[in-house]
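Me: Hey, I'm new to this one. Can you walk me through it?

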Amino acid sequence: MAIAGIILKVLIIIIITYLLANIVRRAINIHLPKITGGGKMGLDAETETTFRTLISRLMVAAIYVAGFLMVIY
């Protein structure tokens with residue numbers, strides 16, 4: 001019985017980690033304010049896409065690392 005409980009907890013942590021990572025990835029790609037513009041600080045489209053991709057992947061990787069650490073402990 002104890003092993004089944006541990007396996008269940010690990011599966012729940014894995015599922016929650018996966019869902020949270022997808023939610024954050026979508027939120028960053030859709031809802032992060034656009035910083036392109038005509039002013040001095042405006043970025044071109046390629047730089048903005050790179051920025052969004054970099055932030056998204058770093059956040060998702062951090063969530064997966066946190067989930068992995070939760071499974072270990």
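Reply: Helices here are DSSP runs of H or I, at least four residues, numbered from the N terminus. It's a predicted model, so local features need pLDDT of at least 70, side-chain atom pairs count only at pLDDT 80 or more, and totals for chains, interfaces and linings use all residues. Residues are numbered from 1 along each chain as its sequence is written, and side-chain values use heavy atoms, leaving out hydrogens and water.

Me: Which residues of helix 1 are buried?

Reply: Thr17, Ala21, Asn22, Val24 and Ile28, where buried means under 20% relative accessible area with a 1.4 Å probe, protein chains only.

Me: And what do they pack against?

Reply: Helix 2, residues 45–72. Ile28, for one, touches Arg52, Ile55, Ser56 and Met59 (heavy atoms within 4.5 Å), not counting residues up to four places away in sequence.

Me: New topic: why is Thr17 counted as buried?

Reply: Because its relative accessibility is 10%. Its side chain also reaches the backbone oxygen of Ile13 at 2.7 Å. Leaving aside neighbours within four places in sequence, Thr17 is in contact with Ile63, Tyr64 and Gly67.

Me: Which residues make up the largest nonpolar core?

Reply: Five of them: Ala21, Val24, Ile28, Val60 and Ile63. Such a core is a set of buried Ala, Val, Leu, Ile, Met, Phe, Trp, Tyr and Cys residues joined through side-chain atoms within 4.5 Å. Helix 1 gives the largest share of this core, three residues.

Conventions
Buried means under 20% relative accessible area, exposed over 50%, partly exposed in between (1.4 Å probe, protein chains only). Helices (H or I, at least four residues) and strands (E, at least two) are DSSP runs, numbered from the N terminus. A polar contact is a pair of N or O atoms within 3.5 Å; within protein, one must be able to donate a hydrogen and the other to accept it, and residues adjacent in sequence count only if both atoms are side-chain atoms.
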